[in-house]
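Please open the structure in a viewer and keep the sequence at hand.

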Amino acid sequence: MPQPNPEKSQYKLNEVCAIADTQPYVLRFWESEFPQLSPRKSRGGHPIYTRDDVDLVLRIKRLLHEREFSLSDAREALERGDDVERST
């Protein structure tokens, strides 16, 4: 999986997909489910992701795929700023 370029401040949708190893429709879905993920739009209406957005995408992926949180549990964990594993 490619790593984000630390010198770069903005990323296109396809670049974020490559970094997170996911598909564009997944990122768009996550944008609708996680209010914290709200990339600004270019003049053409395309999402422009910041480094913080990319980090958030990676956190969401880790919660959903590695830790197997439900969408609502992942949303709550992010709202609390808590990315630790559940004890249950």
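**First stop: helix H3**

Select H3: at 1.5 Å a residue, its 16 residues should span 22 Å, and its end C-alpha atoms lie 21 Å apart, which agrees. The expected span of a helix is taken as 1.5 Å times one less than its number of residues. Helices (H or I, at least four residues) and strands (E, at least two) are DSSP runs, numbered from the N terminus.

This is a predicted model, in which local features need pLDDT of at least 70 and side-chain atom pairs count only at pLDDT 80 or more, while totals for chains, interfaces and linings use all residues. Residues are numbered from 1 along each chain as its sequence is written, and side-chain values use heavy atoms, with hydrogens and water left out.

**Second stop: the buried residues of H3**

Within H3, colour Asp53, Val54, Leu56, Val57, Ile60, Lys61, Leu63 and Leu64, the buried residues of this helix. Buried means under 20% relative accessible area, exposed over 50%, and partly exposed in between (1.4 Å probe, protein chains only). These buried residues pack against strand E1 (10-12), H1, H2, strand E3 (47-50) and H4.

Now select Asp53, which lies in H3 (residues 51-66). Asp53 is buried yet has no salt bridge, and the nearest side chain of opposite charge, Arg40, is 7.7 Å away. A salt bridge is a side-chain nitrogen of Lys or Arg within 4 Å of a carboxyl oxygen of Asp or Glu; Lys and Arg count as positive and Asp and Glu as negative, with His and the chain ends not counted. Which residues are in contact with Asp53, leaving aside its neighbours within four places in sequence? They are Leu37, Pro39 and Ile48. Contact means heavy atoms within 4.5 Å.

**Last stop: two loops**

Select Asp21 in the loop between H1 and H2. Asp21 has a positive phi of about 55° although it is not a glycine. Finally, select Glu68, in the loop between H3 and H4; at 60% relative accessibility, Glu68 counts as exposed.
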